2 protein chains.
Amino acid sequence: MAYDKGNFRNVTIKDVAKRAEVSIATVSRILNGKDRVSPLLAERVLLATKELQYQPNDVARALKIKESRSIGLIIPDIENPFFPALVRGVQDAAKIHNYAVILCNTDGKTEEEKKYIQFLYSKRVDGIAFTESVDNKKNIALLDSLGIPVVLLDRRVEGMKASGVSTDNRLGAFMATKHLIERGKRRIAFISGSPKLSSGAERASGYQDALLSYNIQYDKKLAFIGAFTYESGYAAVENLLLSRYQFDAIFASNDIMAIGAIECLNQYGIRVPEDVAVVGFDDIRLATWYKPLLTTIRQPVYEMGQYAIKLLVEHITGERSSPYEKIFVPELMIRQSSGGLEESK
Amino acid sequence: MAYDKGNFRNVTIKDVAKRAEVSIATVSRILNGKDRVSPLLAERVLLATKELQYQPNDVARALKIKESRSIGLIIPDIENPFFPALVRGVQDAAKIHNYAVILCNTDGKTEEEKKYIQFLYSKRVDGIAFTESVDNKKNIALLDSLGIPVVLLDRRVEGMKASGVSTDNRLGAFMATKHLIERGKRRIAFISGSPKLSSGAERASGYQDALLSYNIQYDKKLAFIGAFTYESGYAAVENLLLSRYQFDAIFASNDIMAIGAIECLNQYGIRVPEDVAVVGFDDIRLATWYKPLLTTIRQPVYEMGQYAIKLLVEHITGERSSPYEKIFVPELMIRQSSGGLEESK
DNA sequence: GTGAAAGCGCTAACAC
DNA sequence: GTGTTAGCGCTTTCAC
């Protein structure tokens, strides 16, 4: 009874019809701009809606036309600095198409994802934008069985039926590693994101490919598995340091791990970039606020969010039927943490 | 027709009733745990829902019971580092009560706020959590006329009818300023947030009160009006520097302005905290990643978001009828930018 | 305890 | 063009 309380009167299409002395069908027609209606009645109806402050009830409309004009957005955690820009891109695009976006944080738990999918389904959302936590086809299959359009954000799933938007992670990692090599680094440590995520795995392979193409032996003692978190970046470097294994650079699979890494280096009195050069991935806002300014691979996160909704809406409307994969091109942002723009040898 | 496509069959309560050989009323009763029903029928119905993978249609339910189990969350911008934690608090609390949260970014524009309020109303949300951009009673009045429960986030409105949750901004600003004074600072510049916001105005008054209680003359040449943005913090200091007016500390009304301020100081070769001590407000995550670590006033942002939903739900259910104002107590986080923990004179 | 039926507010045939 | 009416999927009287 939330919106029916107090002295507030819930105005329905019936009230408008009565006031304008027409049928409810006519009111509906006029408000939806379908069919032709006489200007005379249109005017009367419009006046009545104003006078009564009528706001159509979208719940009833949704039930009738089987279209809720809302979409679900499932992400791991809005507090992770990667996501705000993505979410904003999604919301801005959704707004243009008049969709409400329902935000869901899963903390990367498959079980939570499943719950939210069912929750969103019971709300009969028209589509879901989904940043999966693990490359787990179960939830994608669930979505598929529910028959609800999906677009995967920042993830790729083998042979998936859903559309997806992502950045070329392999290329980005290749560029980052290449950049370090070109600065004369040879012992480049790598902090991976979760290899279960496509983004994690692809970045790892980009790193290896770059080494290969410069004839540098891949050394697994220099490779660490992180979890895309500050703490895991810090821990990786601490382990590396304790191993006393030599290294002159670090490529971290995302910016917060890179920052965690630098923090740890600093803690041990190692200077960045003088002693060790560091490159991150994502180009979150913090990358340009942190000291040293972080050299990183930029992903157009906001645009990815926007594009995802563009695709999703196309699927919802039926404009597009087969899955499409949009892959954005990453960009190397050279800043202080890798030694800046000046040449080195 | 989004969820009715392909080979997917939309299962309704009718299908379940048929399969379990009972009436739809019985199915409804069992699923909602109202009334008493015979265990026999209950079992049959539950089995049928499993077999058919029935998921109740919340849209229909919402129409019938006039309760959409969704709430709107209106904020200026999720990309502003203050908001992710707030949003997360809101969402986590909403989840517990089984509400969907619809996210809306207004960029602080009154007109956008109004549009979103109407949008949310047409969706018949059960309540709205609202971080107003300007102390504009119009939108609050609109909300009120729609009869929809509201709780104001991080804002206070004079004589408002809505509940609100905020931090004691005056006290926080007082603590920040006092801290600087106790470190021997006397010429403390102040960068205000928008004075049109309660948070902005209250922090300004806390700053002034602290000066007063230490018999330091308030000097308006040291006071600048910012906009809670990085750029405005930077610009304020640049103006201050150009004025060649003496100062030995800065209290900025939020952390990103403080960081903007420090960036500008650095740009001009001024060291923090050696030459100028700086204190911020909010304690966003960045405050502990930035160098120097930022001394700041901590607001329990996540908890504020949670509490807001607690209040909102109480209003929705009718458990609470008159507005309540929850004010959290701020906490001084002493870090490097003000000179750290060591004493100074 | 259970079923029949009304009705939430809307759209879309279908008649006229 | 416009009105009448069925019905979207559910909850809830009201009978029995």
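Predicted model: local features only at pLDDT ≥ 70, side-chain atom pairs only at ≥ 80, totals over all residues.
Residues are numbered from 1 along each chain as its sequence is written, while chains are lettered from A and ligands numbered from 1 in the order in which they are written.

**How the two chains relate**

- Two copies of a chain are related by a rotation about an axis and a shift along it.

**The contact between chains A and B**

- Chain A gives 47 residues to the contact, and chain B gives 47 residues. Two residues are in contact if their C-beta atoms, placed from the backbone, lie within 7 Å.
- On the side of chain A that touches chain B, two or more residues come from each of α4, α5 (83-96), β2 (100-105) and α6 (110-122) of chain A. Helices (H or I, at least four residues) and strands (E, at least two) are DSSP runs, numbered from the N terminus.
- That side of chain A holds 26 nonpolar, 10 polar and 11 charged residues. Ala, Val, Leu, Ile, Met, Phe, Trp, Tyr, Cys and Pro count as nonpolar, Asp, Glu, Lys and Arg as charged, and the others, Gly among them, as polar.

**DNA strand C**

- There are 27 residues around DNA strand C. A residue is near a molecule or strand if its C-beta atom, placed from the backbone, lies within 6 Å of it.
- Ile13(A), Ser28(A), Ala60(A), Ser23(B) and Ser38(B) come nearest to DNA strand C.
- At least two residues each come from α2 (24-32) and α4 (58-65) of chain A, and from α2 (24-32) and α4 (58-65) of chain B.
- α4(A) supplies the largest share, five residues.
- By class, the surface near DNA strand C has 13 nonpolar, eight polar and six charged residues.

**DNA strand D**

- DNA strand D is surrounded by 29 residues. The closest are Ala25(A), Ser38(A), Ile13(B), Ala25(B) and Ser28(B).
- α2 and α4 of chain A, with α2 and α4 of chain B, each supply at least two residues of this surface.
- α2(B) gives the most, with six residues.
- The surface near DNA strand D divides into 14 nonpolar, eight polar and seven charged residues.

**The sheet of chain A**

- Four strands form an open sheet in the order β7-β6-β8-β9 (chain A), with parallel pairing. Two strands pair if DSSP finds at least two bridges between them.
- β7 (223-225) and β9 (277-279) of chain A each have a single partner strand, so one side of each is left without a neighbour in the sheet.
- Strand β8 (residues 249-252) of chain A is joined to β9(A) by three bridges. Ala249(A) has Ala277(A) as its bridge partner.

**The sheet of chain B**

- Chain B has an open sheet of four strands, ordered β7-β6-β8-β9, with parallel pairing.
- Its edge strands are β7 (223-225) and β9 (277-279) of chain B, and each pairs on one side only.
- Three bridges link β8 (residues 249-252) of chain B to β9(B).
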